[in-house]
Amino acid sequence: MNRNYSHADNLIHQFDTVLRTLIPHAAVASRPSPATADIQDDEMTADERRHAAGLMRVNHTGEVCAQALYQGQGCTAKLPEVRSQMEHSAQEEIDHLAWCDERLQELDSRTSVLNPVFYAASFGLGAVAGAIGDRVSLGFVAATEEQVGKHLDEHMVKLPAGDHRSRAVLRQMAIDEAHHAHLALEAGGARFPAPVKFGMSLMSKVMTKSVYRF
């Protein structure tokens with residue numbers, strides 16, 4: 001029997017999702033981490049571990065932004081099927097969030113203190129995109145996931161050679177992000193022009209450089 005959720009129920013759900021996104025170690029994955037017990041790192045120096053942690057912190061914040069983007073879009077998406085797709089993709093992004101958080105703990109590091117700032121900005125962008133129309137909203141998802149995929153590919157190369165566990169996590173994340181982008185375009189998302197993608201890339205670089213250390 002399906003339950004019709006009230007406005008208050010939806011607000012409580014949204015607030016719970018915000019807390020699980022922003023509070024360290026609160027996100028719970030629905031799938032086991034790709035960094036399984038049989039995948040072990042080679043010996044890494046202290047500098048290599050710090051570098052790996054910086055890259056994984058960037059990826060964690062990227063997932064915080066993705067959660068906020070989907071939540072913002074879900075609030076303003078007009079078609080129920082689009083809203084449902086946003087919710088499904090957002091659940092997989094929670095997996096990514098939890099996996100990155102877990103890996104940061106293994107590296108004796110932490111998530112970024114700037115996460116609330118990037119969450120708020122991404123939520124606003126998602127809500128605006130959703131309010132403009134589902135075609136633009138889905139196109140924004142596709143373009144964003146494309147940018148995330150590029151970052152993941154770069155980070156898999158930049159990770160220390162001995163960091164096999166982080167690389168396993170990023171490899172599965174890249175597969176999921178490519179799938180999200182494909183679904184968004186298949187559902188009717190607009191293909192953004194190169195200048196718009198370039199602007200998104202610049203914003204992404206600002207996040208990357210600040211979060212790597214903080």
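Visitor: Which residues are linked in a network of salt bridges?
Guide: This is a predicted model, where local features need pLDDT of at least 70, side-chain atom pairs count only at pLDDT 80 or more, and totals for chains, interfaces and linings use all residues. Residues are numbered from 1 along each chain as its sequence is written, and side-chain values use heavy atoms, with hydrogens and water left out. A salt bridge is a side-chain nitrogen of Lys or Arg within 4 Å of a carboxyl oxygen of Asp or Glu. The network linked by such bridges is made up of Asp41, Arg103, Glu106, Asp163 and Arg165.

Visitor: How far apart are the closest N and O atoms of arginine 103 and glutamate 106?
Guide: Both residues lie in helix 3, three residues apart, so about one helical turn separates them; helices are DSSP runs of H or I with at least four residues, strands are runs of E with at least two, and both are numbered from the N terminus. Arginine 103 is buried at 3% relative accessibility, and glutamate 106 is partly exposed at 29%; buried means under 20% relative accessible area, exposed over 50%, and partly exposed in between, with a 1.4 Å probe and protein chains only. The closest N and O atoms of their salt bridge are separated by 2.6 Å.

Visitor: Which helix does the salt bridge from arginine 165 to glutamate 106 reach from, and how many residues apart in sequence are the parts?
Guide: The closest N and O atoms of arginine 165 and glutamate 106 are 2.9 Å apart. Arginine 165 counts as buried at 11% relative accessibility. Glutamate 106 is in helix 3 and its partner in helix 6, so the pair ties together parts whose separation in sequence is 59 residues.

Visitor: Where does aspartate 108 lie?
Guide: Aspartate 108 is exposed, with a relative accessible area of 67%. Its side chain meets that of arginine 49 in a salt bridge of 3.6 Å, N to O. Arginine 49 sits in helix 2, so this pair, too, joins parts 59 residues apart in sequence. The place of aspartate 108 is the loop between helix 3 and helix 4 (115–132).

Visitor: What is the phi of aspartate 108?
Guide: Most residues other than glycine have a negative phi. Aspartate 108 is not a glycine, yet its phi is positive, at about 55°.

Visitor: How many helices are there in the chain?
Guide: From the N terminus on, the elements run α-α-α-α-α-α-α. There are zero strands, and the number of helices is seven.

Visitor: Which residues have the most contacts inside the largest nonpolar core?
Guide: A nonpolar core is a set of buried Ala, Val, Leu, Ile, Met, Phe, Trp, Tyr and Cys residues joined through side-chain atoms within 4.5 Å. The largest one has 18 residues. Helix 2 (46–76), helix 3 (80–106), helix 5 (134–158) and helix 6 (164–186) each give it at least two residues. Those with the most contacts inside this core are Met56, Leu107, Leu152, Leu159, Val169, Leu170 and Met173.

Visitor: Which residues is leucine 104 in contact with, leaving aside its neighbours within four places in sequence?
Guide: Leucine 104 belongs to helix 3 and is buried, with a relative accessible area of 0%. Contact means heavy atoms within 4.5 Å. With neighbours within four places left aside, the contacts of leucine 104 are Ala53, Met56, Arg57, His60, Ser109, Arg110 and Thr111.

Visitor: Is threonine 61 buried or exposed?
Guide: Threonine 61 has its place in helix 2. Beyond its neighbours within four places in sequence, it contacts Ser112, Asn115, Phe118, Met207 and Val211. Its relative accessibility is 0%, so threonine 61 counts as buried.

Visitor: How far apart are the centres of the rings of tyrosine 119 and phenylalanine 123?
Guide: Rings of Phe, Tyr and Trp (its six-membered ring) pair if their centres lie within 6.5 Å; planes under 30 degrees apart count as stacked, over 60 as edge-to-face and the rest as tilted. By this rule there is one aromatic pair. Tyrosine 119 and phenylalanine 123 are both in helix 4, four residues apart. Their planes are at 20°, so the pair is stacked, and the distance between the ring centres is 6.3 Å.

Visitor: How many disulfides does a search of the whole structure find?
Guide: Cysteine 65 is buried at 14% relative accessibility, and cysteine 100 is buried at 0%. A disulfide is a pair of cysteine sulfur atoms within 2.5 Å. In the whole structure, the number of disulfides found is zero.
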